[in-house]
Amino acid sequence: MRCPYCGSLETQVKDSRPAGDQSAIRRRRACPDCGGRFTTFERVQLRELTVLKKSGRRVPFEREKLMRSIEVALRKRPVEPDRVERMANGIVRQLESQGESEIPSGRIGELVMEGLRGLDSVAYVRFASVYRNFREARDFNTLIDELSNGDGEAPEDETTQPPAIARSPGVA
Ligand SMILES: [Zn+2]
């Protein structure tokens with residue numbers, strides 16, 4: 001594993017342990033050339049996946065990008081990292097076990113929405129409002145109604161205001 005700081009190829013594993021829900025191995029590595037320390041994760045990958053973007057462009061599926069878009073939605077929300085990890089694993093497993101190796105980006109967005117809905121209603125609304133690209137307050141209120149009538153917890157006051165999120169979730 002190349003050192004991310006100096007590019008040396010001589011990095012050493014200092015420690016290995018199970019991570020998350022035991023579906024990954026976390027390794028602490030050290031670089032003898034520059035003293036840099038970093039962490040790598042080893043995960044099962046059932047198959048190579050390609051994301052088909054709306055623009056028609058194809059890019060390799062990256063779990064890190066999926067995690068980032070989930071984390072943006074969950075920012076400052078009281079959700080256990082283990083639950084987030086399990087949700088991301090569940091999404092990746094669903095994608096890997098479907099018939100096609102090419103996945104429309106919209107499919108990933110739908111799975112993230114489903115997952116967040118069960119995890120945290122505020123994060124769900126944040127993600128959905130960006131993902132569905134709401135243009136009118138009416139769309140937002142429809143979503144709030146869906147949530148209130150659903151089996152999830154009632155949305156908190158924070159969610160009655162449209163969220164001020166400029167960043168795209170990164171999966172669209
Ligand atoms: Zn180094």
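Strand E4 (residues 50–52) and strand E6 pair in the parallel sense, with three bridges between them. Strands pair here if DSSP finds at least two bridges between them. The strand labels E, for runs of at least two residues, and the helix labels (H or I, at least four) are DSSP runs numbered from the N terminus. Within this pair, valine 51 sits opposite isoleucine 103 in E6.

A quick word on what you're looking at. This is a predicted model, where local features need pLDDT of at least 70, side-chain atom pairs count only at pLDDT 80 or more, and totals for chains, interfaces and linings use all residues. Residues are numbered from 1 along each chain as its sequence is written.

**The overall layout**

The chain has five helices and six strands, and read along the sequence they come as β-β-β-β-β-α-α-β-α-α-α. Of the 172 residues, 23% are buried. Buried means 20 or more other C-beta atoms within 10 Å of the residue's own, exposed means 12 or fewer, and partly exposed is in between, with C-beta atoms placed from the backbone. As for contacts (C-beta atoms, placed from the backbone, within 7 Å), 56% of those between residues at least 6 apart in sequence join residues at least 24 apart.

E4 and E6 belong to an open sheet of three strands, in the order E5-E4-E6, with mixed pairing. Its edge strands are E5 (58–60) and E6 (102–104), and each pairs on one side only. From one strand to the next, the twist averages 30 degrees. Angles like this run from 0 to 180 degrees between N-to-C directions, using axes fitted to C-alpha atoms (for helices, over the stretch in contact).

The other sheet is also open and has three strands, ordered E1-E2-E3 with antiparallel pairing. E1 and E3 (37–43) stand at the edges with a single partner strand each, so one side of each has no neighbour in the sheet. Neighbouring strands here are turned by 25 degrees against each other on average, direction ignored.

E1 (residues 12–19) and E2 (residues 24–30) are antiparallel and joined by seven bridges. They form a hairpin with four residues between them, and glycine 20 in the turn has a positive phi of about 60 degrees. How many of the eight residues of E1 are buried? The number is zero, so E1 lies largely in the open.

| Residue | Bridge partner in E2 |
|---|---|
| Valine 13 | Arginine 29 |
| Aspartate 15 | Arginine 28 |

H3 covers residues 105–119.

The buried residues in H3 are Ser105, Ile108, Gly109, Leu111, Val112, Gly115, Leu116 and Leu119. Down the helix axis they fall within an arc of 165 degrees, so they line one face of H3. That arc is taken from the directions from the helix axis to the C-beta atoms. As background, an α-helix has 3.6 residues a turn, so residues three or four places apart point the same way. The cover over the buried residues of H3 includes E4, H1, H2, E6 and helix H4 (121–131).

Methionine 113, also in H3, is partly exposed, with 17 other C-beta atoms within 10 Å. Leaving out residues up to four places away in sequence, methionine 113 touches Tyr124, Phe127, Ala128 and Tyr131. Methionine 113 and valine 125 are 12 residues apart in sequence, and their C-alpha atoms are 8.6 Å apart.

**The nonpolar core**

A nonpolar core is a set of buried Ala, Val, Leu, Ile, Met, Phe, Trp, Tyr and Cys residues joined through C-beta atoms within 7 Å. The largest one has 25 residues, of which Ile70, Ala88, Ile91, Val112, Leu116, Ala123 and Phe127 touch the most other members. H1, H2, H3 and H4 are the elements that give two or more residues to this core, and the largest share, eight residues, comes from H4. Isoleucine 70 touches Val84, Ala88 and Val112, not counting residues up to four places away in sequence.

Lysine 76 lies in the loop between helix H1 (63–73) and helix H2 (81–97). Its phi is near 65 degrees, a positive value in a residue other than glycine. Is lysine 76 buried or exposed? Lysine 76 counts as exposed, because it has 7 C-beta neighbours inside 10 Å.

Definitions and conventions
Two residues are in contact if their C-beta atoms, placed from the backbone, lie within 7 Å.
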